[in-house]
Amino acid sequence: MEKTPKFTTYLAPIIDKGMYHYPQMDIPQNIADAMLGDSNMLRVIVHFENGMKVHRALKRNKNGETFISLGKSTLKDAKVEPDTELALVLEVDRTKFGFSLPEEFAEVMNQDPEGEKAFLELKPGLQRSFLYYIGSAKTVDTRINRSLQLMENLKMGIISAGKPR
């Protein structure tokens, strides 16, 4: 199944679960089962009514409940509040990294094979974090500068907060 029909779900309020405080959308069991099959996690693209799309993980917990977590900035950008009902469409995420690749970073990778190799050796979650960081910049110049800095850091073995790999 590539795309789900539009369905409604409830955006639960933020629940304190230790150090994580993310609102969750419960996904109807029939839709989740069709998408997940026997798996417990699948990368998806969530399509909101306002046209916004975000890359997220559709997860099944040990109790069989299926959900997608959203951060505060996503809720703000999608103009939705916790404790509300939402109409959405889910799409299987077929992107290479489970996240959109900023054009500026793709170009930097094309011009820097050593840096590209270092990036491709990172764990998928870290790759997505870097892509989010680069893509979150509002200007092209900032995205280019972040891309160049990331490549230089990776080639020096720096992956986070100045710590070597």
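**Exercise 1.** With which residue does the side chain of E49 meet in a salt bridge? Locate both partners in this predicted model.

*Solution.* Step 1: The side chain of E49 meets that of K6 in a salt bridge, at 3.8 Å from N to O. Step 2: A salt bridge requires a side-chain nitrogen of Lys or Arg within 4 Å of a carboxyl oxygen of Asp or Glu, so the criterion is applied to this distance. Step 3: E49 belongs to the loop between β3 and β4, whereas K6 belongs to the segment before β1, so the pair ties together parts that are 43 residues apart in sequence. Step 4: Both E49 and K6 are exposed.

**Exercise 2.** Determine how strand β3 is placed among its partner strands.

*Solution.* Step 1: Of the 8 residues of β3 (residues 41-48), 6 are buried. Step 2: β3 pairs with β4 (residues 53-60) in the antiparallel sense over 7 bridges; V46, for instance, has V54 in β4 as its bridge partner. Step 3: These two strands form a hairpin with 4 residues between them, and G51 in the turn has a positive phi of about 95°. Step 4: β3 also pairs with β6 (residues 84-92), in the antiparallel sense over 5 bridges. There, L88 in β6 is the bridge partner of F48.

**Exercise 3.** Classify K155 and D112 as buried, partly exposed or exposed.

*Solution.* Step 1: Buried means under 20% relative accessible area and exposed means over 50%, with partly exposed in between. Step 2: K155 has 29% relative accessibility and therefore counts as partly exposed. Step 3: D112 has 13% and therefore counts as buried. Step 4: Their side chains meet in a salt bridge (2.8 Å, N to O), and a network of salt bridges links D112, E152 and K155.

Notes. Residues are numbered from 1 along each chain as its sequence is written. This is a predicted model: local features need pLDDT of at least 70, side-chain atom pairs count only at pLDDT 80 or more; totals for chains, interfaces and linings use all residues. Side-chain values use heavy atoms; hydrogens and water are left out. Buried means under 20% relative accessible area, exposed over 50%, partly exposed in between (1.4 Å probe, protein chains only). Two strands pair if DSSP finds at least two bridges between them.
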